[in-house]
Amino acid sequence: MTIGRRRLLGLGLGALGAAALAGCAPPGATPVNAEPTIPAAAPGEKITLTYWAWLKDLQSVADIWNAKNPNVQVQAVFSLGGNSGGYQKMYSALAAGGGPDLAQVELRSVPEFMLVGGLIDLSRYGAEQYQSRYDEAAWDQVSFNGGVYAIPQDTGPMAWYYQPEVLAKVGGQPPTTWDEWATLAQELHKQDPSVYLEAFSVADASPFMAYAAQAGGKWFNPTENGWIVNLTDDATLAVARFFDKAVDGGYVQTGFDPYSPGWTAAAGNGQIAALTGASWGDALVETIGTGKGKWRVAPMPRWSTGSGSSAVGGSSTAILANSRHPQEALDFAVWMTTSPEAIDALIKYCGIGWSPARDYIGAQRQQPSEFFSGQNYNSEVFVPAAKQQPKDWHWGPITQRTLNTLSDNFRRKLTAGQSFVDSLHKTQQTTVDTMRQIGLTVLEAK
């Protein structure tokens with residue numbers, strides 16, 4: 001089975017969407033999931049699976065599997081990050097009739113691979129029997145219209161990192177709501193104009209997307225009749241107005257992004273008090289040289305609607321369409337993402353993000369943290385947060401392009417005074433136009 005090179009190249013190497021979910025199968029795409037399933041290897045037959053991923057030292061994890069499964073060996077091949085060239089390499093390999101059995105694909109990019117028939121529907125190989133092993137929100141992000149198109153590999157549930165000593169200057173406590181967050185931000189900056197509660201990025205709209213999802217926004221909804229696209233629903237516009245007010249009021253730092261050198265320096269000298277960030281942000285907070293024992297972690301502030309937490313980032317283990325051993329690839333993917341020995345190894349060797357396994361976060365993450373004031377923050381904060389992520393959020397077929405467009409528009413907040421609300425309306429129109437140009441059926445929410 002191969003996917004036509006002309007089809008892939010004609011769609012910009014597939015980075016444009018998932019018509020398979022939109023009620024209009026792309027002309028020329030090979031219907032891999034309409035073909036008969038591929039039988040498992042015969043007893044005693046030896047096979048080798050290849051896995052392209054940008055996880056460092058993944059072979060050390062695969063070797064644990066290999067030692068116990070001599071007939072099914074896994075070879076890990078390092079690949080550049082998805083949008084740094086990794087995806088282009090995968091699409092080119094698919095077009096040529098080759099590629100790996102397994103590949104690391106960001107959760108938000110799964111629909112883009114589906115557009116060109118690049119992923120095997122794992123429900124045809126029994127994937128649904130493993131659903132109960134994963135956090136519900138993570139499983140939802142790989143499931144579309146009754147199919148399962150990847151296995152969750154890691155996620156990025158969000159929480160609130162903060163410095164108690166800085167908050168104490170105004171008698172502040174971790175805010176439980178975003179309204180409390182705004183009040184605290186204003187009080188801190190009024191008490192000392194050099195101090196900000198947080199930095200807000202106008203160059204990367206990914207955090208805003210997470211805030212909107214937490215509030216109950218639903219930007220993309222796949223239906224049998226087409227994609228419903230709505231970047232301007234009530235929840236999202238409320239979040240936009242909230243941050244328009246914060247930036248216009250001058251009580252958030254917009255001069256640098258979180259995790260940048262400027263942010264690290266400011267956080268180190270107490271001029272940035274907190275960070276609303278994903279679970280993987282702990283390692284970056286720990287790069288603050290003077291921060292040991294000065295930080296703690298609290299639950300993410302909540303909106304009046306929506307979920308208790310949200311997420312930034314997250315990847316899946318996908319089985320690409322040209323694999324000749326999808327059953328064995330699925331078995332490995334489930335082992336790697338749910339067995340305690342594999343999760344511990346992923347943390348040790350690969351620095352994996354938050355495990356999507358429902359019942360195990362890793363032995364290392366069950367220990368108190370000296371940096372975070374002796375707090376066992378993973379068990380106390382991130383375990384509940386992982387279960388409070390939005391369960392009805394869907395990635396769109398051109399998520400990266402939408403994100404790039406929204407980020408470009410957000411920058412105009414500082415350069416031209418364009419509001420975040422107006423940026424959403426402009427990005428909505430661009431997204432709808434682009435999806436229709438590539439042949440997808442789009443229904444705009446009224």
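Helices are DSSP runs of H or I with at least four residues, strands are E runs of at least two, and both are numbered from the N terminus.

This is a predicted model: local features need pLDDT of at least 70, side-chain atom pairs count only at pLDDT 80 or more, and totals for chains, interfaces and linings use all residues. Residues are numbered from 1 along each chain as its sequence is written, and side-chain values use heavy atoms, leaving out hydrogens and water.

Helix H3 covers residues 86-95. Of its 10 residues, 7 are buried, so H3 is largely enclosed by the rest of the structure. Buried means under 20% relative accessible area, with a 1.4 Å probe and protein chains only. Tyr 87, Met 90 and Tyr 91 are among the buried residues of H3.

Helix H16 has 18 residues, 420-437. At 1.5 Å a residue they should span 26 Å, and the end C-alpha atoms are 25 Å apart, which agrees. The expected span is 1.5 Å times one less than the number of residues. Down the axis of H16, the buried residues fall within an arc of 165°, so they line one face of the helix. The arc is taken from the directions from the helix axis to the C-beta atoms. The buried residues include Phe 420, Leu 424 and Met 435. Their packing partners include helix H8 (206-215), helix H9 (234-248) and strand E12 (442-444). Contact means heavy atoms within 4.5 Å. Just after H16, Gly 439 has a positive phi of about 95°.

**Spaces in the model**

On a 1 Å grid over the protein atoms alone, a cavity is a set of points where a 1.4 Å probe fits but cannot get out; a pocket is an open set with protein on both sides within 12 Å along at least five of seven lines; lining residues have an atom within 4 Å of a point. A volume is the space filled by probe spheres set on the points, which are joined across faces, edges and corners.

| Space | Volume | Lining by class |
|---|---|---|
| Largest cavity | about 30 Å³ | 5 nonpolar, 4 polar, no charged residues |
| Second largest pocket | about 290 Å³ | 9 nonpolar, 5 polar, 5 charged residues |

Ala, Val, Leu, Ile, Met, Phe, Trp, Tyr, Cys and Pro count as nonpolar, Asp, Glu, Lys and Arg as charged, and the others, Gly among them, as polar.

Helices H12 (326-338) and H13 (340-350) each supply at least two residues of the cavity lining. In the second largest pocket, H9 gives the largest share of the lining, 7 residues.

Terms used
Buried < 20%, exposed > 50% of the residue type's maximum accessible area, 1.4 Å probe, protein only.
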